[in-house]
Amino acid sequence: MDTDTGLLLLRLLTGLLIAAHGVQKVSFLLGGSGLAGGTEEFRHDGFRGGALTALAAGACQIGSGLLLAAGALTPLAAAGAIGVMTVALTVKWPNGLWVQHDGYEYPLVLIGIATTLALTGPGRLSADHALGLPHWPAWSAAAALALGTAGGLAVRALLHHPPAPAPPSPRSP
């Protein structure tokens, strides 16, 4: 196997998994709970916006995942994937790193893979190559990481509300 085949396999696995997560957020396909379930997931995690939030997150995951899988507009696809995974990372941050404790390990790995694909480019077996797009410059990977992370953190800041304070405990006489 060569590098281009390896990049193709990595893009397909990562991109299709990200897209599938998006499909689950907005439909009953692939084990999803429908839009109502996706909306409830975001509400449970402390996000405002209801169905619109679930639709936006699902659309970003589907779009960026499919673009990554195809190797199309790779820096833009990576930025989208990094953005949604940054939001997921912030949700799971309080649980620590490890996934068995609902930690942020998986979103962090996906951020790393998307950044790596932005750095390496999608390879010759990609839509970018078939369309004659030049190899993306190195700064585009830094831009994808910066814009994706900043976008994810902005979404978190705008749509997440802190948990309501606990009611005061009754005082004993």
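Asp2, Asp4 and Arg124 are joined in a network of salt bridges. The model is a predicted one, and three salt bridges turn up in it in total. Arg124 takes part in both of the contacts described next, one with Asp2 and one with Asp4.

Take the contact with Asp2 to begin with. Here the side chains of Arg124 and Asp2 come together at 3.7 Å, counted from N to O. In the contact with Asp4, the closest N and O atoms are 2.4 Å apart. This pair also links distant parts of the chain: Asp4 belongs to helix H1, while Arg124 sits in the loop between H5 and H6, 120 residues away.

How covered are these three residues? Arg124 has a relative accessibility of 51% and counts as exposed, because the cut-off for that label is over 50%.

The remaining salt bridge is made by Lys92 and Asp102, whose closest N and O atoms are 2.6 Å apart. Lys92 lies in helix H4 and Asp102 in the loop between H4 and H5, so the bridge ties together parts that are 10 residues apart in sequence. Both ends are partly exposed: Lys92 has a relative accessibility of 23%, and Asp102 has a relative accessible area of 42%.

Helix H4 itself covers residues 74–92. From the first C-alpha to the last, this 19-residue helix reaches 26 Å, which is close to the 27 Å expected at 1.5 Å a residue. H4 is mostly covered, too, with 15 of its 19 residues buried. Lys92, as a partly exposed residue, is not among those buried ones.

Then there is the surface. Leu13, Leu17, Val99 and Tyr106 make up a nonpolar patch of about 350 Å². One of these residues, Leu17, is found in helix H1, which runs over residues 3–26. Leu17 has a relative accessible area of 37% and is partly exposed.

Notes. Residues numbered from 1 in each chain as written. Predicted model: local features only at pLDDT ≥ 70, side-chain atom pairs only at ≥ 80, totals over all residues. Heavy atoms only, no water. Helix = DSSP H or I, 4+ residues; strand = E, 2+ residues; numbered from the N terminus. Expected span 1.5 Å × (residues − 1). Buried < 20%, exposed > 50% of the residue type's maximum accessible area, 1.4 Å probe, protein only. Patch = residues over 30% accessible without salt bridge, like charges linked within 9 Å, V, L, I, M, F, W, Y side chains within 5 Å. Areas by Shrake-Rupley, 256 points an atom, 1.4 Å probe, with all protein chains shown as cover. Salt bridge = Lys/Arg side-chain N within 4 Å of Asp/Glu carboxyl O.
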